[in-house]
Amino acid sequence: MKKYDAVVIGAGNGGLVAAIRLLQGGAKTLLVEKHNLPGGFATSFRRGRFEFEASLHELNDYGPDNNKGDVHVLFEELGVADKIDWIQIPDAYRVICQNEKLDARMPFGVDAFIDQMEKYVPGSRTSMRKFFDLAEEVRLAQAYTSSVNGNADSKIMVRDYGNFVRAGSYSVNEVFKALKMPLKARRILSAYWCYLGASLDDMSFVHYASMVNRYIMRGASTPKMRSHEISLAMVERIRELGGDILLNTEAVKILTSPKDGGVEGVVLDNGEEIATHHIVANCAPHLVYGKLMDHVKEEEIKSTNARKFAGRGFTMFLGLDADPDTLGVEDYNYFLYDTTDSVKQYEMMKTIEGNNAQATVCLNRALPDASPKGTSMMYFTTLYMDDVWGKVSPENYQKVKNYVADKMISRFERDTGAHIREHIEEISIATPMTYARYCLHPEGVIYGYESQYWDGLMPRLQMMNEDYKVRGLRFAGGYSMRLSGYSSAYFSGDISGRQTVGDIKREGK
Ligand SMILES: Cc1cc2nc3c(=O)[nH]c(=O)nc-3n(C[C@H](O)[C@H](O)[C@H](O)COP(=O)(O)OP(=O)(O)OC[C@H]3O[C@@H](n4cnc5c(N)ncnc54)[C@H](O)[C@@H]3O)c2cc1C
C-alpha cells in the first residue's frame, strides 16, 4: 500500500494551495483530482476560436508590485508569482437598475471611489470614509487571526481591532445604517453582494467589507491566459516540490480508525488504497460526511446540515463576431438588478421565472486581444437561491436553459443599449447541473455555504479549532473557514495546509 504523510482531495484553488503548503512543510503529499484538469472552477475551455474563462470575473487583493495585496504575498511565498502574467481590470463595476433609474460606474482606488460616490450621492463622503476605515480594520484583524492559525488572543483583538469586534456579529445592512450611509450610496455600494450570494440582511458585515475593501483598495486582476494559468502554475510548483498528482482520479472513501474515528487512508476510484493519517478535503463537508465516510458522528451531521447552501450557478458564455465598440459593450464588469434591495432581489432569485439579475463581463475590455481581432467574449452569471433546477425535468432541461439564456441576452441589451444577439458565434451554457457534475457540488452551488452572520467569516475563523473534529481531517476551499471566492479559497488552502503540517509534527506521521 502506498503511504503519504497527507492526501489532498480535489485540485481546486484551496486544494492546490494546501498541497504546496504541505510540501513546503516537508510532508510527502498526494493530490487527487477527479477531473482530467486541475483547478476546479479555476480553468478555461475552448469553443471554436474562443478560449473562455470558466469562472473568474476578477481576482481581488492581488495588486501590482508597488501595492501588493495579501494574495500577491501568498503567491510569492508559494513560489508561483513569477509563473503568471496578470492584467489589471480597468474599473470596479457598472451597476444598473432600470427600475430605480440607477446607472453608476465606480472606479478602483478608495479615494477615487469615495469621490465618485460623492458625485452620485452628495453628502455620502463621511459615511463612505468610515466604511473604508472599518473595512481596513477588518482586513488587518483577519490577517492577525490567520497568522496565529485561528488562536486569536481576545485581549489583542479588543485592543487593536475593537471596531472589528464590535461590528463582527452584525449584518451588512445593520452596519450601513449605523454608519448613517445615505440610501442611494448604500444601493451603489451593495452591488457586489451577488459575489457572495447572501442578502445583505443576512450577510456578515465583516465578510462583505473585507471583500469590497480588497477589490477597491488594490484593484482587481485576472491572468492573461484565464484562471487556468494560475492552476497550471500551482501544478508545476507541486511537481517542483516533489509532490504527486493523480488526475482523472476520484477519492471514493475515507478510511477511519475504529479506535478514535481518525483518518487512516483514502480509497481511490480504481480500488487502490492509500495509507495516510492526514487529509485536506477541497470538497463539501456534505460530500465528505454524506458519501466518503462510513462512520460519522451525529454532531458532524447536525452541524453540517445546519448550514445553508449558497447560490446555485448558471453561466452563459458568448463568443461574438464583433469587437466591444461595435457591439456597444462599454465596460468590463456589469451588475444588472431588478432592485438594489438585496433582500428583495434574493427572494426573486428563488425562481427561474423571477430571476433576472446578472453579473456580466466582457473580457476584451481588460484584455483587447483575449480573442481574435474583431471578436469579443462575454460571460453572464446568475445565482439561484433555491434548488429550483433540481425540479426541472430532463425533458424540459434544454428548453429551460434556452429560456434563461434568452432572458439574459434581452436583459443585457435592454439595460445597456448594446447589440449582441445578432453577433453570437459561439454559445455555451453551464447550469447548476453542470457545476454539480463537474466539481461535485451539491445542487450545483458555486459559493459553498452561505455567508450568514452566524456562519460568516468571523465565527468560522474563530471556530477553526473546534471544527477540527475528526483527527487528521481538515477542509480547504469555498466551504471552509474563509468562505468562497478565489482569494478566500487560496487563504483556506494556506491555513489548512499549514495546520496539517503542524498536526503531522505534533501527532507524528
Ligand atoms: C461562474 C463563476 C464565476 C465566479 N466568479 C468569481 C470571481 O469573479 N471572483 C472570485 O473570487 N470567485 C469567483 N467564483 C467563485 C470561485 O470560483 C470559487 O469560490 C473557487 O474557485 C472555489 O475553489 P475551491 O477551492 O472551493 O475548489 P473548487 O473549484 O470547488 O474545486 C474542487 C475540486 O475538487 C474536486 N473534487 C471534489 N470531490 C472530489 C473527490 N472525491 N475526489 C477527487 N476530486 C474531487 C473537484 O473535481 C474540483 O476540481 C466564481 C465561480 C463561478 C462558478
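Trainee: Is Lys180 buried or exposed?

Mentor: Burial is a neighbour count: a residue is buried if 20 or more other C-beta atoms, placed from the backbone, lie within 10 Å of its own, exposed if 12 or fewer, and partly exposed in between. Lys180 has 10 C-beta neighbours inside 10 Å, so it counts as exposed. Keep in mind that this is a predicted model, where local features need pLDDT of at least 70, side-chain atom pairs count only at pLDDT 80 or more, and totals for chains, interfaces and linings use all residues. Residues are numbered from 1 along each chain as its sequence is written.

Trainee: Where does Lys180 lie?

Mentor: Lys180 sits in the loop between helix H7 (172-178) and helix H8 (183-189). Helices (H or I, at least four residues) and strands (E, at least two) are DSSP runs, numbered from the N terminus.

Trainee: What is the phi of Lys180?

Mentor: Most residues other than glycine have a negative phi. Lys180 is not a glycine, yet its phi is positive, about 55 degrees. Glu443 also has a positive phi, near 60 degrees. That residue lies in the loop between helix H17 (432-439) and helix H18 (457-462). Glu443 has 19 C-beta neighbours inside 10 Å, so it counts as partly exposed. Asn149, which follows H4, has a positive phi near 50 degrees.

Trainee: What span should the 23 residues of helix H4 have?

Mentor: The expected span of a helix is 1.5 Å times one less than its number of residues. For H4 (residues 125-147) that gives 33 Å, and its end C-alpha atoms are 33 Å apart, which agrees. The buried residues of H4 include Met128, Phe131, Leu134 and Val138.

Trainee: How many of the 22 residues of H19 are buried?

Mentor: The count is 17, so H19 is largely enclosed by the rest of the structure.

Trainee: Which domains is the chain divided into?

Mentor: Domain bounds come from an automatic or database domain assignment. Here they give domain 1 (2-43 + 61-86 + 224-297 + 469-507) and domain 2 (311-446). Their C-alpha centres lie 30 Å apart. The contact takes 10 residues from domain 1 and seven residues from domain 2. Two residues are in contact if their C-beta atoms, placed from the backbone, lie within 7 Å.

Trainee: Which residues touch the most other members of the largest nonpolar core?

Mentor: In soluble globular proteins, nonpolar side chains tend to be buried together. A nonpolar core is a set of buried Ala, Val, Leu, Ile, Met, Phe, Trp, Tyr and Cys residues joined through C-beta atoms within 7 Å. The largest has 156 residues, and Ala6, Val7, Ala19, Ile279 and Phe335 touch the most other members. Helix H10 (residues 205-218) gives the largest share, nine residues. Domain 1 and domain 2 both give residues to this core, so it lies between them. Not counting residues up to four places away in sequence, Phe335 touches Tyr93, Val95, Ala191, Cys194 and Ala359.

Trainee: Which residues come nearest to the ligand?

Mentor: A residue is near a molecule if its C-beta atom, placed from the backbone, lies within 6 Å of it. There are 34 residues around the ligand, and Gly10, Gly12, Gly14, Gly40 and Gly477 come nearest. H1 supplies the largest share of the shell, three residues. Domain 1 and domain 2 each provide at least three residues of the shell.
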